[in-house]
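Subject: Model handover

Hi,

Here is the structure I promised to pass on.

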Amino acid sequence: MENNPYLEVFIDESKEHLQACNDHLLKLEQNPEDLAIVNEIFRSAHTLKGMAATMGYQDLANLTHQMENVLDAIRNEKIKVDSDVLDVVFDSVDDLEAMVVDISEGGTGERNVERVVAKLYAIETGEPVADKADEKEEQPIHNKREALQIDEFTLTVLEQSAEQQLNNFEVVVTLREDCMLKAARVYMVFEVLEQLGEVVLSDPTVEQLENEEFDTSFTVLLVTKSDQQEVASKINKVSEIEDVSVNDFVVPTYTEPQEEAGQEPEPPSTFNKETETAVATKPKPKQEQQTTSEPKEQKQVGNKTIRINIDRLDVLMNLFEELVIDRGRLEQISNDLNHNELQETVERMSRISGDLQSIILNMRMVPIEQVFNRFPRMVRQLSRDLNKKIDLQIVGAETELDRTVIDEIGDPLVHLIRNALDHGIEGPEERLAKGKNEVGSLELKAYHSGNHVFIEISDDGGGIKREKVIEKAVQNGVVTEEQAANMNDKQVFELIMSSGFSTADKISDVSGRGVGLDVVKNTIESLGGNISIDSRVDEGSVFSIQLPLTLSIISVMLVEVQKEKYAVPLSSIIETAIVKKEDIMHAHNKKVIDFRGKVVPLVFLKDILEVPEALEEDEYYSLVMVRKGDKMAGLVVDSFIGQQEVVLKSLGDYLSGVFAISGATILGDGQVALILDSNALIK
């Protein structure tokens with residue numbers, strides 16, 4: 001396809017404009033009288049229409065054009081904004097998004113949009129919906145034009161041209177109603193006119209034509225040697241021209257109105273600079289207009305930003321990962337040789353590569369706003385479907401995460417928000433009966449803390465009832481009554497994310513709240529994160545997600561189990577410890593230790609990983625204390641090697657799903673060390 005080099009830019013920018021439309025439509029719903037918001041939506045729709053027409057996606061351009069007509073009527077106060085109007089415009093944006101998605105997946109962007117186009121046309125005209133979408137094309141709108149007014153200087157020029165036996169023509173050009181790029185067509189018409197002679201006046205003005213601030217027709221005064229037929233014929237060769245009218249311009253007819261007694265002549269409502277030179281400036285092409293009309297400072301800022309295909313960043317990241325592996329190898333060789341100059345050089349290289357690592361990782365960081373942006377619209381629709389009133393607050397949308405994490409976190413958040421709306425926040429009547437505001441509050445918050453990002457979904461709904469959770473969990477065989485009796489509230493709440501807790505039947509708020517949350521938990525843990533729940537009856541619930549900033553290069557503690565090396569992510573480690581064998585206790589047929597007043601079970605990696613025995617055990621156990629939420633475990637290893645940054649490599653499809661192993665890394669000496677999934681080892 002000829003436009004392929006620009007396709008990625010078109011898709012990215014189309015998504016940005018559609019997101020801007022969604023965001024501003026939500027604001028408009030809260031402030032229906034604010035025409036400044038309408039102008040922002042119109043600007044996004046107008047730009048999208050031009051881009052789609054240029055790329056040849058006619059269905060996309062046509063629907064945007066129809067939506068633009070409605071927005072134009074709103075901003076000109078011909079249509080009043082209400083929920084019905086907004087629903088139709090939202091539906092239009094949905095169809096546009098579907099078209100862009102289809103294009104991004106290799107499709108043509110074609111879509112049956114007759115229904116929504118008919119609704120848009122009905123809003124625009126105030127007529128019933130039935131079949132009006134097709135009638136519109138048969139009824140092009142022609143501008144009402146008053147007699148052209150000219151100033152004295154232009155009058156002199158026209159009189160002189162008549163004396164020189166040149167023709168003075170009034171040319172009225174009408175574009176087709178479905179013309180997508182009006183400014184571009186005007187530009188092409190002016191090019192033809194300049195080849196024929198000189199344009200001395202234009203109505204609307206050149207600036208208005210450039211900004212497409214006219215309906216379908218415009219008028220120019222042309223001084224030319226050509227006759228009427230030649231002028232009309234050449235203009236008609238420009239595509240998307242509906243009609244051309246060329247008539248003699250009789251000067252005396254247009255010298256009125258004259259100044260009244262005691263009044264200064266009023267300047268014309270057309271060009272001043274242009275008429276001083278007796279030649280109207282040709283409208284700029286749309287692209288040139290956009291770049292030259294911006295202030296210098298803004299242009300410089302814009303030039304500092306470029307779009308980079310994410311695949312290129314992935315290649316760069318892969319190359320850097322190899323550099324990290326070689327850096328580790330060099331550090332080990334340097335330590336083995338104990339050569340001062342080599343050590344200094346390697347240390348300097350480590351510092352530089354560390355800075356480079358920060359830059360590359362930052363390049364891959366994107367604001368979580370890209371995920372959060374979809375939720376206001378989703379909450380609006382869900383609240384209407386559920387007949388609930390919801391106030392959504394988004395905090396920290398600028399918080400950045402690695403792109404790989406961003407790609408995966410969207411669906412779990414959608415599920416948690418749906419559950420909060422459906423089963424967490426009560427209906428208006430129930431809230432009022434409890435003495436609450438009938439409008440429920442839902443907050444989506446993101447923030448950095450250390451090497452992690454935290455995302456919290458909190459609501460002020462009915463909360464989670466401990467007794468109902470236990471009843472459901474025991475009924476489904478998730479826990480026994482004895483186990484449940486010894487659980488604290490947080491442990492009980494986490495039961496709703498257990499596999500097998502939920503059923504398809506929504507017997508109560510709580511059972512509904514658990515639908516599919518085991519999938520959410522598994523997804524978050526697969527990203528190296530964890531999720532916790534806090535809740536109070538009739539006060540609300542908070543789901544807190546902890547995620548690593550990046551998944552590609554991680555800090556680990558290297559350990560040995562017999563003669564094999566393993567890596568434990570630092571993000572899950574509390575501390576390391578050494579205990580005597582005689583301090584080991586037994587509880588529930590398990591070996592445990594007393595760790596700072598808590599009973600913590602031991603996990604013998606040698607047995608779990610089936611490592612062949614090559615070393616004799618001594619009288620001490622070396623432990624790596626790890627945590628998952630409120631739960632802890634002590635991983636029993638043979639020795640500690642030390643902390644190191646390593647590259648996380650996938651084990652591939654063949655070895656995917658291996659218990660307690662999340663990946664592998666290549667160490668400085670060339671050995672492969674498996675990276676442990678400590679979450680899987682904590683029960």
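Let's start with the charged pairs: the count comes to 25 salt bridges, a salt bridge being a side-chain nitrogen of Lys or Arg within 4 Å of a carboxyl oxygen of Asp or Glu. Before the details, some housekeeping: this is a predicted model, where local features need pLDDT of at least 70 and side-chain atom pairs count only at pLDDT 80 or more, while totals for chains, interfaces and linings use all residues. Residues are numbered from 1 along each chain as its sequence is written, and side-chain values use heavy atoms, with hydrogens and water left out.

Which residue does Asp402 pair with? Its partner is Arg364, with N to O at 3.3 Å. (Helices, H or I with at least four residues, and strands, E with at least two, are DSSP runs numbered from the N terminus.) Asp402 and Arg364 are both buried, meaning under 20% relative accessible area; exposed is over 50% and partly exposed is in between, with a 1.4 Å probe and protein chains only.

Next up is Glu438 with Lys389, whose closest N and O atoms are 3.1 Å apart in a salt bridge. Here 49 residues separate the partners: Glu438 is in the loop between helix H19 (428-433) and strand E8 (439-449), and Lys389 is in strand E6 (389-395). Glu438 counts as partly exposed because its relative accessibility is 27%, and Lys389 is partly exposed at 41%.

Then there is a helix-to-helix case. Arg466 and Asp489 form a salt bridge at 2.8 Å, N to O, which joins helix H20 (466-475) to helix H22 (489-493) across 23 residues. Arg466 has 21% relative accessibility, so it counts as partly exposed, as does Asp489 at 42%.

Gln19 sits in helix H1 (4-30) and is buried, with a relative accessible area of 18%. A polar atom of the Gln19 side chain lies 3.1 Å from the backbone oxygen of Asn373. Along the chain Gln19 and Asn373 are 354 residues apart, yet their C-alpha atoms are separated by 7.3 Å.

Cheers

Key:
A polar contact is a pair of N or O atoms within 3.5 Å; within protein, one must be able to donate a hydrogen and the other to accept it, and residues adjacent in sequence count only if both atoms are side-chain atoms.
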